[in-house]
Each structure stands twice: as structure tokens, then as C-alpha cells.
Amino acid sequence: MDERTKRIKKIMRKSMKKTRKYGNNFKHKNPEKYDEALNIVKEDGCAIKNILEELKNDDYIAMCAVKENKFAIKYISEELKNDDDIAMCVVKKDGCMIKFVSEELRNDVDIAMCAVKQDGHAIKYISEELRNDFNIAMCAVGQNAYMIEH
């Protein structure tokens with residue numbers, strides 16, 4: 001995929017994100033349940049696996065969950081695994097968590113670079129195309145010399 005196509009896809013993701021209204025409807029219909037779920041994931045991010053399905057698709061609840069516990073990324077909706085802000089939040093904590101984000105974001109230069117800067121082993125989980133990117137490879141090797149094999 002060429003750079004222009006990658007930039008267009010990134011712009012499209014961001015514009016779709018601006019129009020998203022995941023949990024807002026639920027939040028207005030059931031504010032007590034929304035607030036309860038929010039408080040639960042702020043205390044234990046992985047508790048997101050036990051909340052209502054429609055709330056797993058709420059970007060604010062998902063972000064709170066992954067901020068509290070990076071492993072919460074495993075339990076959020078597939079759609080939110082394609083959210084670049086959530087992905088960036090997770091890989092800043094642990095680069096290898098990139099393996100749980102969408103395939104599309106594993107091919108995002110910024111997210112991949114952040115992941116390998118945090119942990120050189122993350123290069124194992126990014127797209128093949130980016131594994132062959134000189135800057136990303138050098139960053140991974142600089143972070144962990146054993147990554148020269150990958």
C-alpha cells in the first residue's frame with residue numbers, strides 16, 4: 001500500500017470517528033447503567049468483558065478500560081480495535097499489545113513505530129510491509145538488538 005493510500009485511509013478513519021455516537025444513545029436512555037459501567041472499568045479495565053455488549057462499543061468506556069488495564073483491549077469491540085487513539089494508548093503502555101489491534105492499524109506507520117519504540121519485540125506483530133521498513137526496523141533493533149533477526 002502506497003503512502004498516499006495510507007494517508008487517505010487514516011483521514012477516513014478520523015472522519016468516521018468524529019461522526020461516531022457509540023454509547024451516547026445508551027448513555028441518555030440509561031444514565032445509571034452507563035455511569036455504573038464507567039465506574040467499574042475505571043477500577044478494573046478488564047471488567048469490560050462483563051458489561052453490556054452495546055457499552056463495549058462505547059469509545060469513552062473502552063478508552064477508560066485500556067487506560068486502567070492494557071489487557072482490556074482484548075475485550076473491546078472489533079470496531080474499536082480499529083480506533084487509532086485507543087491503539088496508540090495501548091501500544092504506549094506495551095508495544096506488544098499491537099497484536100490485539102486491527103490488522104489495518106498494525107499497518108499504520110505511527111502506531112507501529114510507537115510500538116517498536118516501546119518494545120522492540122513488537123516488530124513481530126506489525127504488518128509484513130512495515131517489518132521491512134528501514135526506520136521501523138532500526139528502531140526495533142535500537143530498542144532490542146536481538147530483533148535484527150526479524
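Figure 1. Asp84, Ala87, Met88, Val91, Lys92 and Lys93 of H6 meet Asp110, Ile111, Cys114, Ala115 and Gln118 of H7. The model shown here is predicted. The axes of H6 and H7 come within 8 Å. They cross at roughly 15 degrees. H6 and H7 are therefore roughly parallel to each other, since angles under 35 degrees count as such. The crossing in which H6 passes H7 is left-handed.

**Figure 2. The chain as a whole.** The protein chain in this predicted model has nine helices and zero strands. Read from the N terminus on, its elements run α-α-α-α-α-α-α-α-α. The chain holds 150 residues, of which 45% count as buried. Its accessible surface comes to about 8600 Å². Carbon and sulfur atoms account for 51% of that surface. Take the contacts between residues at least 6 apart in sequence: 47% of them join residues at least 24 apart.

**Figure 3. H3 packed on H5.** Helix H3 spans 31-43, and helix H5 spans 59-68. Their axes lie 7 Å apart, at an angle of about 20 degrees. H3 and H5 are therefore roughly parallel to each other. H3 passes H5 in a right-handed crossing. On the H3 side, the residues in contact are Tyr34, Ala37, Leu38, Val41, Lys42 and Glu43. On the H5 side, they are Tyr60, Ile61, Cys64, Ala65 and Glu68.

Figure 4. Asp58 sits in the loop between H4 and H5. Is Asp58 buried or exposed? Asp58 counts as buried because its relative accessibility is 1%, and the cut-off is under 20%. Asp58 caps the N-terminal end of H5. A side-chain oxygen of Asp58 lies 3.1 Å from the backbone nitrogen of Tyr60. Tyr60 is also one of the H5 residues that meet H3.

**Figure 5. The buried residues of H5.** Six residues of H5 are shown: Ile61, Ala62, Met63, Cys64, Ala65 and Val66 are its buried residues. What do they pack against? Their partners are H3, helix H4 (53-56) and H6.

**Figure 6. H5 alongside H6.** The axes of H5 and H6 come within 10 Å and cross at roughly 5 degrees. That makes H5 roughly parallel to H6. H5 contributes Asp59, Ala62, Met63, Val66, Lys67 and Glu68 to the contact. H6 contributes Asp85, Ile86, Cys89, Val90 and Lys93. Ala62, Met63 and Val66 are among the buried residues of H5. Ile86, Cys89 and Val90 are among the buried residues of H6.

**Figure 7. The start of H6 and its buried residues.** Helix H6 runs over 84-93. At its start, a side-chain oxygen of Asp83 reaches to within 2.8 Å of the backbone nitrogen of Asp85. The buried residues of H6 are Asp84, Ile86, Ala87, Cys89, Val90 and Val91. Of these, Asp84, Ala87 and Val91 take part in the contact with H7.

**Figure 8. Lys70 and its surroundings.** Lys70 is found in the loop between H5 and H6. Lys70 counts as partly exposed because its relative accessibility is 25%. Which residues does Lys70 contact, leaving aside neighbours within four places in sequence? They are Val90, Lys93, Asp94 and Met97. Lys92 lies 22 residues from Lys70 along the chain. The C-alpha atoms of Lys70 and Lys92 are separated by 9.7 Å.

Figure 9. Asp94 is found in the loop between H6 and helix H7 (109-118). Asp94 counts as buried because its relative accessibility is 14%. A polar contact of 3.0 Å joins its side chain to that of Lys70. The Asp94 side chain also reaches the backbone nitrogen of Cys96, at 3.0 Å. Beyond its neighbours within four places in sequence, Asp94 is in contact with Lys70, Gln118 and Asp119. Gln118 belongs to the H7 side of the H6–H7 contact.

Key
Residues are numbered from 1 along each chain as its sequence is written. This is a predicted model: local features need pLDDT of at least 70, side-chain atom pairs count only at pLDDT 80 or more; totals for chains, interfaces and linings use all residues. Side-chain values use heavy atoms; hydrogens and water are left out. Helices (H or I, at least four residues) and strands (E, at least two) are DSSP runs, numbered from the N terminus. Buried means under 20% relative accessible area, exposed over 50%, partly exposed in between (1.4 Å probe, protein chains only). Contact means heavy atoms within 4.5 Å. Accessible areas come from the Shrake-Rupley method with a 1.4 Å probe; for residues, only the protein chains shown count as cover. A polar contact is a pair of N or O atoms within 3.5 Å; within protein, one must be able to donate a hydrogen and the other to accept it, and residues adjacent in sequence count only if both atoms are side-chain atoms. Axes are lines fitted to C-alpha atoms, for helices over the stretch in contact, and angles run from 0 to 180 degrees between N-to-C directions. Angles under 35 degrees count as roughly parallel, over 145 as roughly antiparallel, 65 to 115 as roughly perpendicular and the rest as oblique. A crossing is left-handed if the near helix is turned anticlockwise from the far one by less than a right angle, and right-handed if clockwise.
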